[in-house]
Amino acid sequence: ALFGLLSHVFAGPKVMFFHASMKKHDLLTLVSYYGKRWKKMTNEKVFQMNFAKVYLLLENKALKKGRTKEEVLQVVCWLTGYGAEDIEKMLSEPVTYGEFFQKAPAPNPNRNLIKGVVCGVRVEEVEDPLMREIRYLDKLVDELAKGKPMEKILRSMQSKRES
């Protein structure tokens with residue numbers, strides 16, 4: 001999951017220590033230990049991360065499981081409404097992860113169909129709207145890496161429209 005991949009980005013040795021000892025739990029699990037104030041700081045750090053670095057981590061996760069760069073790009077475009085050219089341009093510019101989601105031109109209206117758990121956190125229960133968008137992408141890439149078919153990952157509504 002994204003937070004597991006990003007543990008090395010956070011500089012604090014306490015985060016590294018607790019993360020390493022918790023194994024598959026993500027950084028938000030630490031909320032119960034540090035309280036809500038720490039959660040807010042963690043979200044802000046994630047929002048300020050460089051989009052290109054995070055995108056490459058997500059892409060590499062999918063590639064290691066036999067998926068393609070094009071599939072990752074398709075998932076990101078479906079979720080945010082960006083075109084492939086827009087994303088390629090943003091990868092070469094200093095865009096934060098938060099800005100990437102805040103400026104999304106057309107967030108997919110079916111993204112609320114994304115349900116499930118990413119590193120112990122239910123994506124549909126994430127309170128912060130921006131963090132929920134980030135979690136949606138994390139969940140989609142997880143599904144991609146697990147080999148789920150694209151039509152299911154993209155929550156295709158065709159079968160409902162055809163009825």
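Glu143, Lys148 and Arg155 are joined in a network of salt bridges, a salt bridge being a side-chain nitrogen of Lys or Arg within 4 Å of a carboxyl oxygen of Asp or Glu. The structure holds 6 salt bridges. Please keep in mind that this is a predicted model, in which local features need pLDDT of at least 70 and side-chain atom pairs count only at pLDDT 80 or more, while totals for chains, interfaces and linings use all residues. Residues are numbered from 1 along each chain as its sequence is written, and side-chain values use heavy atoms, with hydrogens and water left out.

**The chain as a whole**

- The chain has 11 helices and 2 strands; helices (H or I, at least four residues) and strands (E, at least two) are DSSP runs, numbered from the N terminus.
- Starting at the N terminus, the order of elements is α-α-α-α-α-α-α-α-β-β-α-α-α.
- Of the chain's 163 residues, 47% count as buried; buried means under 20% relative accessible area, exposed over 50%, and partly exposed in between (1.4 Å probe, protein chains only).
- Among contacts (heavy atoms within 4.5 Å) between residues at least 6 apart in sequence, 63% join residues at least 24 apart.

**Helix α9**

- Helix α9 covers residues 129–145, and its 17 residues should span 24 Å at 1.5 Å a residue; the end C-alpha atoms are 24 Å apart, which agrees. The expected span is 1.5 Å times one less than the number of residues.
- Because 15 of its 17 residues are buried, α9 is largely enclosed by the rest of the structure.
- At the start of α9, a side-chain oxygen of Asp128 reaches to within 2.9 Å of the backbone nitrogen of Leu130.
- Just after α9, Gly147 has a positive phi of about 90°.

- Asp142 and Lys61 meet through their side chains in a salt bridge (2.0 Å, N to O). This pair links distant parts of the chain, with Asp142 in helix α9 and Lys61 in helix α5 (residues 51–64), 81 residues apart.
- Asp142 counts as buried at 9% relative accessibility, and Lys61 is buried with a relative accessible area of 18%.
- Arg111 and Glu133 also form a salt bridge (2.8 Å, N to O). Arg111 lies in the loop between α8 (97–102) and β1 (117–118) and Glu133 in helix α9, so the pair ties together parts that are 22 residues apart in sequence.
- Arg111 is partly exposed at 22% relative accessibility, whereas Glu133 is buried, with a relative accessible area of 15%.
- Another salt bridge pairs the side chains of Glu71 and Arg67 (3.0 Å, N to O), and both residues are buried.

**Ile153 and its surroundings**

- Ile153 sits in helix α10 (residues 150–153) and counts as buried at 0% relative accessibility.
- Leaving aside residues up to four places away in sequence, Ile153 touches Arg67, Val75, Leu140, Glu143, Leu144 and Lys148.
- Ile153 and Asp142 are 11 residues apart in sequence and 9.7 Å apart in space, C-alpha to C-alpha.

**Where α5 meets α7**

- In this contact, Phe51, Ala52 and Tyr55 of α5 meet Ile87, Met90 and Leu91 of α7.
- The residues of the contact divide into 6 nonpolar, no polar and no charged. Ala, Val, Leu, Ile, Met, Phe, Trp, Tyr, Cys and Pro count as nonpolar, Asp, Glu, Lys and Arg as charged, and the others, Gly among them, as polar.

Terms used. A polar contact is a pair of N or O atoms within 3.5 Å; within protein, one must be able to donate a hydrogen and the other to accept it, and residues adjacent in sequence count only if both atoms are side-chain atoms.
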